Structure formats: C-alpha cells, structure tokens
Amino acid sequence: MRHQIVIIGGGPSGLLLAQLLLKQGIDAVVLERQTRAHVLGRIRAGVLEMGFVDQMREAGVADRMEREGLLHDGTILSYNDREVRIDFRKHAGRPVTIYGQTEVTRDLYEARDATGGTTYFEVADVTLHGMEGDTPYVTFRHDGQDKRIDCDFIAGCDGFHGVSRKSIPDSVRKDYERVYPFGWLGVLSETPPVNNELIYASSDRGFALCSMRNMNLSRYYVQCSAEDRVENWSDARFWEELRRRIPPDAAERIVTGPSIEKSIAPLRSFVTEPMRFGRLFLCGDAAHIVPPTGAKGLNSAASDVYYLFQGLKAFYADGETDGLDSYSQKALDRVWKVERFSWWMTSLLHRFPDQSAFDQKMQEAEIAFLSESEAAQEALARNYVGLPY
Ligand code: APR
Ligand code: PHB
C-alpha cells in the first residue's frame, strides 16, 4: 500500500494533523494501537489556547467546541491566604476555551468518519523503516496479517510510550527529564463547578486545582505523594482534603458528589531532541511531556502540528523544504518556553517533600510579587493563553 503520509497514533495530535492534511488533499493514513473506544475513554485536561482553537477551525472541526466550550477571561491563584486573579483579557487580549480533550478527540474522529481517510485500529508491531532515505515505509500487524505502507513521510504522534521516538538512534537523540516527587489525584464529578474560573490553590497541605468540563461536570485535583494509590482515597477523604486546600469561600460553597472517575497522574517534564530524523517527524507527547500545572500538554502538541502541517503543505504545494528543514528547531523553540512555564507553575504552587523554610519564603515572595506586579501578571497571562506560533 502507498500513502503520502503515515501518521502513527490516533490521539489528538495525530487526528488534528490528519484532518488538516486531508483538507489540503494530502492523503494520510492513521495507525492506532488501541480501539477507538479506548482512546476516547481517556480522561485528560481541557484548557485550549486560541492557537489550538484556530487550528480546529481550519480543520473544520470547531462547531461543537464553539457551541459547548466555555470562554474564560481569567484564572485564580491562591497561596495560603493570599489570592490573585490573572486577567487574560486585560493582559493578553484573549480568553482560553474550556472544552475537554476527550470531546476534542471525539469531534476529530467524527470529522474523519464524515470526510473519509483510512484509520487502522488495534495495530501491533508497528515498525518504522528507511527514515534516512527517500522511501520510508512502515510495517505492522492488523487483523492477524502483516502489512506494509510505503510513504513520503512518517509523523510520530504515538505519545510518550510510542515506538516513533525510540526509532531515532540514541546516538542522534538527547533526552531531558525532570520527574517531580508528587502526583495529581484527579476526580470527575457531575456537580456544578465551585467557581466560574479555574482556581489553582497552594496550601501548607499541598496543591489543589478546581476545574470543569461544563456547568454540570467538574474536575478537581489534589497533590498526592508519587507512591500514593487511588484505593487510599475515598470520595469523602478527597472532598475533605480539597476543602482544606482551597480558599475558604470556595470551600464553603463547593458542591460535592460521587466521583465518576478517579485516577492519579505522575508529574514529569520531558523533551527529546531533535524532533526530526530524516523522513520521521515527532509531534506531541511522542517528543515532550509537561506537568499539567500549566495546562500545556494538548496545546504544545497543537503547535507541533501547526509547524509540521505548514511544512508538509509547502512541500506538496511546490516542493519547498524550508518548513520541514526548520520544523525541529521551530517546534523545540516553543516547546522549551512551554516547558519552562509549566515547570515554573509547578515549582511555585506545589509543596516539595524536601522543601526548606527558605524555599517556602521564595514561593511566598514570588506570589507577593505576582499579586503586586502588572508585568508579572502579564507574563503569566501571555504564557497561559498561549505564546504565538
Ligand atoms: N502504534 C500505534 N499507535 C500507538 C503506538 C504504536 N506503537 N503507541 C501509542 N500509540 C497511540 C496511543 O494508543 C495513543 O492513542 O498513539 C496515541 C498517542 O496519543 P496521546 O498519548 O494522546 O498523544 P498526543 O496525540 O500527542 O496528545 C497529547 O495527550 O497525554 C495528553 O497531555 C497530553 O494533552 C496531551 C495530549
Ligand atoms: C483539567 O481541567 O483537567 C485541567 C485544567 C488545567 C490544568 C490541568 C488540568 O492546568
């Protein structure tokens, strides 16, 4: 079989790239290891930058997001008894959109059904070949058969645990990593959100986040130890702990209820360089991971997709390769800034097991400066709503 592009991974970055390419008449096949239901069963974050929203519009997949997404003009940071509101509209002139990643992925799959495009689910033994030459190909097992697809380019959109990054020789690749000594215990509940904007709270008991999916579906997180297990957390213990970490007025009015999903996510910062190896281009979690504190996971995947799509579009339009040749550098330039912001938010708002009294004072002084300085609030707002592509 032959397709112009083989996209490995049917998560949000692979599907968004596939939809953008399809609209340009560039044929891309998607190979996904899991079933569609499994991919859609993952609970992930839901804060979208304008850049992401614009790309969904360009891909023709924005209708439901624009109908059901919530526009937020700001967010709240609280640190012990100090609270500061970051005004996105004032400092960055744009809102963010609250719309779950699961819904984004569902819309992209439905768009793919409607517009065509070949997707293989439950593929196994995906192996990449000939990336360094002009005739790359991918082999895999599907429906019990060995299959091969010849192509011009391979897009590695297969996440952190995928095969694409590992197909780049260690001699060529350099990984950078920071693993944080805590996790996030998340709960989804069919309750009205406690606040009309997200609350990022830091208390002596640790971090907490009040987020939402819609006006009847709330998402809350508390910082927990990296070794902790979901079984240790009854709903009652979760709500009590959350109340003790968020501002008193929010704790007063929070509506609690049974959790419909509860899970613990580890926190890590990770980047691999380069993001290109011959005819292979890495996108999203396949190349970089951010701790969720800056809400940048999906958004940084989208900026990769933007740069790669522009490069492929120019290549198929008139053979121009500048975009593809500068892809890795352009994508990494923005990725490192997003990594820095996510690391900074994580370092500022979490309590570290080995935190000294001096470290604590540093966090307090940072929050004090943030609450007094328009420039500091603007810097946070510009990073949160999304740096330009
Ligand atoms: N072959 C085929 N598919 C694979 C393989 C493989 N060897 N390995 C992994 N996959 C699939 C996974 O099953 C998954 O559906 O690749 C997809 C990768 O999707 P994501 O992990 O969601 O990564 P990405 O599309 O880059 O989206 C990044 O996801 O984890 C969040 O915070 C992250 O929001 C960010 C977003
Ligand atoms: C979420 O809604 O799940 C969410 C929001 C903001 C974050 C992380 C997660 O920073």
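This is a predicted model: local features need pLDDT of at least 70, side-chain atom pairs count only at pLDDT 80 or more; totals for chains, interfaces and linings use all residues.
Reader: How many residues surround ligand 1, and which are the closest?

Author: A ligand site is read by listing the residues around the ligand. Here 24 residues surround ligand 1, and the closest are Ser 13, Glu 32, Arg 42, Gln 101 and Asp 285. By class, this shell holds nine nonpolar, nine polar and six charged residues. Among the elements that each supply at least two residues of the shell are helix 1 (12-23) and helix 9.

Reader: Which polar side-chain atom lies 2.6 Å from an oxygen atom of ligand 1?

Author: One looks for pairs of polar atoms. The atom at 2.6 Å from an oxygen atom of ligand 1 belongs to the side chain of Glu 32. Gln 101 also places a polar side-chain atom 2.7 Å from an oxygen atom of this ligand. The backbone takes part as well: a polar backbone atom of Pro 12 is 3.4 Å from an oxygen atom of ligand 1. The protein covers 89% of the 710 Å² of accessible area that ligand 1 has on its own.

Reader: Which residues come nearest to ligand 2?

Author: Of the 14 residues around ligand 2, the nearest are Tyr 200, Ser 211, Arg 213, Tyr 221 and Pro 292. Nine residues of this shell are nonpolar, three are polar and two are charged. Strand 15 (206-214) and strand 16 (217-225) each supply at least two of the shell residues, and strand 15 gives the largest share, three residues.

Reader: Where are the polar atoms that lie 2.6 Å and 2.8 Å from oxygen atoms of ligand 2?

Author: A polar side-chain atom of Ser 211 lies 2.6 Å from an oxygen atom of ligand 2, and an N or O atom in the side chain of Arg 213 is 2.8 Å from an oxygen atom of the ligand. From the backbone, an N or O atom of Ala 295 lies 3.4 Å from an oxygen atom of ligand 2. The protein covers 99% of the 280 Å² of accessible area that ligand 2 has on its own.

Reader: Is Ser 211 buried or exposed?

Author: The relative accessibility decides this. Ser 211 counts as buried because its relative accessibility is 7%, and buried means under 20%. Ser 211 lies in strand 15. Leaving out residues up to four places away in sequence, Ser 211 touches Leu 198, Ser 218, Arg 219 and Tyr 220.

Reader: Which residues are in contact with Leu 17, leaving aside its neighbours within four places in sequence?

Author: Such contacts show which parts of the chain meet. For Leu 17 they are Ile 7, Ala 155, Cys 157, Val 305, Leu 308 and Phe 309. Phe 309 has its place in helix 9 and is buried, with a relative accessible area of 1%. Not counting residues up to four places away in sequence, Phe 309 touches Leu 17, Leu 20, Leu 21, Gln 24 and Glu 58.

Definitions and conventions
Residues are numbered from 1 along each chain as its sequence is written. Chains are lettered from A and ligands numbered from 1 in the order in which they are written. Side-chain values use heavy atoms; hydrogens and water are left out. A residue is near a molecule or strand if one of its heavy atoms lies within 4 Å of it. A polar contact is a pair of N or O atoms within 3.5 Å; within protein, one must be able to donate a hydrogen and the other to accept it, and residues adjacent in sequence count only if both atoms are side-chain atoms. Accessible areas come from the Shrake-Rupley method with a 1.4 Å probe; for residues, only the protein chains shown count as cover. Helices (H or I, at least four residues) and strands (E, at least two) are DSSP runs, numbered from the N terminus. Ala, Val, Leu, Ile, Met, Phe, Trp, Tyr, Cys and Pro count as nonpolar, Asp, Glu, Lys and Arg as charged, and the others, Gly among them, as polar. Contact means heavy atoms within 4.5 Å. Buried means under 20% relative accessible area, exposed over 50%, partly exposed in between (1.4 Å probe, protein chains only).
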